[in-house]
Amino acid sequence: MTQDELKALVGQAALQYVTPGDIVGVGTGSTVNKFIDALATMKDQIPGAVSSSVASTARLKALGIPVFEANEVAELSVYIDGADEIDAQGHMIKGGGAALTREKIVAAQSRRFICIADESKMVKALGAFPLPVEVIPMATARLIRQFAALGGKAHLRLKDGAPLVTDNGQYILDVTGLQITDPLAFESEVNQWPGVVTVGVFAHQKASICLLGTSSGVKTLTF
């Protein structure tokens, strides 16, 4: 099966975790787009969704699924999103789509995080995928130096030759050269650095379940 077919497979499988009558938390990215397409088949059974990005909001609305602001909803039963990497404990690296801050907010608002991914995203240790960090622009140079002190090389993410600006009006650093052996401690530390809005390690908001698309079908991992 192609990677695209695996994404469609796990997107469809995630529907079993959507409770009719509940608002569902929806992430961002190419795998989540497959889930949004699948969610449209049961849109009459749910009030709508809370979305983690402008892009996902547009896709949901285009398919006739109402979108609520996070502040309008007390708690979500489930948040469904992809990952750039996931380890055997359910810790993830996220932010390849630049929506990590809003993704972490909606994940924190949800009782369960269902990660949907293809098997290429499963790793023994986080860090091979460049770690996204959303930062306040004036702190960019100092944070690049701070990551260098940890052995990481941080690059400002660009779009069309200019710094990419997130939905929140901030910049993204992508950090290579790190092996994150203690994701919880790493997330806690970097989140304290002045100028960091959100680090793309999801350990405090880790996955409850991962639906992993494999050549032999969907494998369910519970953490």
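This is a predicted model: local features need pLDDT of at least 70, side-chain atom pairs count only at pLDDT 80 or more; totals for chains, interfaces and linings use all residues.
Which side chain meets that of Arg111 in a salt bridge?

**Figure 1. A salt bridge brings Arg111 and Glu75 together.** The partner of Arg111 is Glu75, and their side chains meet at 2.8 Å, N to O. Glu75 is partly exposed, because its relative accessible area is 47%.

**Figure 2. Arg59 and Asp37 link two helices.** Here is another salt bridge, in which the side chains of Arg59 and Asp37 meet at 3.1 Å, N to O. Arg59 is in helix α3 (residues 54-62) and Asp37 is in helix α2 (residues 30-39), so you can follow the chain for 22 residues from one partner to the other. How accessible are these two? Arg59 has a relative accessibility of 31%, so Arg59 counts as partly exposed. Asp37 is partly exposed too, with a relative accessible area of 34%.

**Figure 3. Glu187 and Lys104 form a buried pair.** The side chains of Glu187 and Lys104 meet in a salt bridge at 2.8 Å, N to O. Glu187 lies in helix α6 (residues 183-191) and Lys104 in helix α4, so this pair ties together parts that are 83 residues apart in sequence. Both Glu187 and Lys104 are buried. Across the whole structure, a search finds eight salt bridges.

**Figure 4. Arg157 is a buried residue with polar partners.** Find Arg157 in the loop between β9 (153-156) and β10 (158-159). Is Arg157 buried or exposed? Arg157 is buried, because its relative accessible area is 13%. The Arg157 side chain makes a polar contact with the side chain of Asp174 at 2.8 Å. This side chain of Arg157 also reaches the backbone oxygen of Gly96, at 3.0 Å. Leaving aside residues up to four places away in sequence, Arg157 touches a list of neighbours including Gly95, Gly97, Ala98, Pro132, Leu164 and Ile172.

**Figure 5. Ala98 and Asp160 each have a positive phi.** Neither of these residues is a glycine, yet phi is about 70° for Ala98 and about 55° for Asp160. Ala98, one of the residues that Arg157 touches, is found in the loop between β6 and α4 (100-108). Its relative accessibility is 12%, so Ala98 counts as buried. Asp160 sits in the loop between β10 and β11 (162-163). With a relative accessible area of 77%, Asp160 is exposed.

**Figure 6. Three strands make an open sheet.** In what order do the strands of this open sheet come? The order is β5-β6-β14, and the pairing is antiparallel. At the edges are β5 (85-86) and β14 (201-202), each of which pairs on one side only. Strand β6 (residues 92-93) is joined to β14 by two bridges, with the two strands running antiparallel. To find your way along this pairing, look for Met92, which stands opposite Phe202 in β14.

Definitions and conventions:
Residues are numbered from 1 along each chain as its sequence is written. Side-chain values use heavy atoms; hydrogens and water are left out. Helices (H or I, at least four residues) and strands (E, at least two) are DSSP runs, numbered from the N terminus. Buried means under 20% relative accessible area, exposed over 50%, partly exposed in between (1.4 Å probe, protein chains only). A polar contact is a pair of N or O atoms within 3.5 Å; within protein, one must be able to donate a hydrogen and the other to accept it, and residues adjacent in sequence count only if both atoms are side-chain atoms. Contact means heavy atoms within 4.5 Å. Two strands pair if DSSP finds at least two bridges between them. A salt bridge is a side-chain nitrogen of Lys or Arg within 4 Å of a carboxyl oxygen of Asp or Glu.
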